[in-house]
Amino acid sequence: MIQAGIIGATGYAGAELFRILLHHPEVEKIYCSSVSFEGQRIESVYQNFFNQLSSKCDGMLLPAEEARKKADVVFTALPHGIAEQHADWCIRNGKKIIDLSADFRYGTDEDTFAEWYKKRWEFPEIHAESVYGLPELNRDAIRTARVIGNPGCYVTSATLALLPVLRENLVKTDSLIVDSKSGVTGAGRNATMTNQFCECGESFSAYAVGKHRHQSEIERNCSLIAKKKASVIFTPHLVPQSRGILSTVYAQLTEDGARRIGNSAEQLREIYREAYRDEPFVRVLPEGVCATTRTVRYSNFCDIQVYVVNGGKTLEIISCLDNMIKGASGQAVQNMNLMFGLDERSGISFVPPAF
């Protein structure tokens, strides 16, 4: 049985992680930490947990040092730049760590991280052994890892949309376009002018155009998969709903890709079906079924639909996921399951609500 610690348990991702772990069959104890609410109980912050706690957790929000000391695996759901110190302590004390911030998403590429996040690393040796936590891409490495960098939410939807065609060199890598829409939870729990109701309600807007930090992560993934430099135009949008991401991805076919697909969406769909045949959380939708955020809410699924457009020259791929689950906490638990040799689906096989 697993002893789990959550540092940053009162942010949106941390609270979702706590909700999932409460019902995970292989988690025996959960130790929660929160700087903002230390010494309080988690149900005083999130009323949904009232009368729902069990012997797994008494709900007390502990100091971070106490939570990590008692745990076998530590989840850090913190702003970027903080998890490194926890990771250093965990490695020195025989713990595993899964970080939900950006700190361990770049492998040993400190320069790219510093360019986008304006911070150098304090413990570069830890990054040398960190593993990027997208199971569909790095499953075997995740199983033996001690440090996991959980992917970004936008990045997960974009990478899963492109992985099959990039892997087989069917699309050009110099003209990838990712157009994404996210619910407001993606902006975090702290109130800003962007995410308060009067600013985002009944409105739909692009933001951080050309400079969103997830662009560098998407480009890195695409380049690694294709084994050549990838260039991505990424535009995120904020939509007035609480959760969910829909990404529409455009990719120009290579000559070989055009010959192989032959302007046939069904042929393209078969490539995706084959690529994700054994993936428990990627659903390639049948012809005529639209990918929607409603049908992945509160689940760890990523739904994908594919189209061939522009006279057979361009692919249009739509992927949907719940940014709080497959885009954050559910994927973190999926990584935990792999690290501890469990069934990958354990504790996260949620069927999405019908409405």
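**The whole protein**

Begin with the entire model, which is predicted. Its secondary structure comprises 13 helices and 14 strands. Along the principal axes, the C-alpha atoms occupy a box of roughly 60 × 45 × 40 Å. The radius of gyration is 20 Å, which agrees with the value near 20 Å for a compact globule of 355 residues.

Next, display the surface. The accessible area comes to about 15200 Å², and carbon and sulfur atoms account for 50% of that area. Of the 355 residues, 57% are buried. Among contacts between residues at least 6 apart in sequence, 70% join residues at least 24 apart.

Colour the charged side chains: 39 are positive and 42 are negative. The centres of these two sets lie 1 Å apart.

**Strand E14**

Select residues 314–321, which form strand E14. Is this strand mostly covered or mostly uncovered? E14 is mostly covered, with eight of its eight residues buried. One side carries Thr314, Glu316, Ile318 and Cys320, while the other carries Leu315, Ile317, Ser319 and Leu321; both faces are covered.

**The partners of E14**

Finish at the hairpin of E13 and E14, where four residues lie between the strands. Select Asn310 in this hairpin; Asn310 takes a positive phi near 60°.

Notes. Residues numbered from 1 in each chain as written. Predicted model: local features only at pLDDT ≥ 70, side-chain atom pairs only at ≥ 80, totals over all residues. Heavy atoms only, no water. Helix = DSSP H or I, 4+ residues; strand = E, 2+ residues; numbered from the N terminus. Rg over C-alpha atoms; globule rule 2.2 N^0.38 Å. Buried < 20%, exposed > 50% of the residue type's maximum accessible area, 1.4 Å probe, protein only. Contact = heavy atoms within 4.5 Å. Areas by Shrake-Rupley, 256 points an atom, 1.4 Å probe, with all protein chains shown as cover. Lys, Arg positive; Asp, Glu negative; His and termini not counted. Charge placed at Lys NZ, Arg CZ, Asp CG, Glu CD. Pairing = 2+ DSSP bridges.
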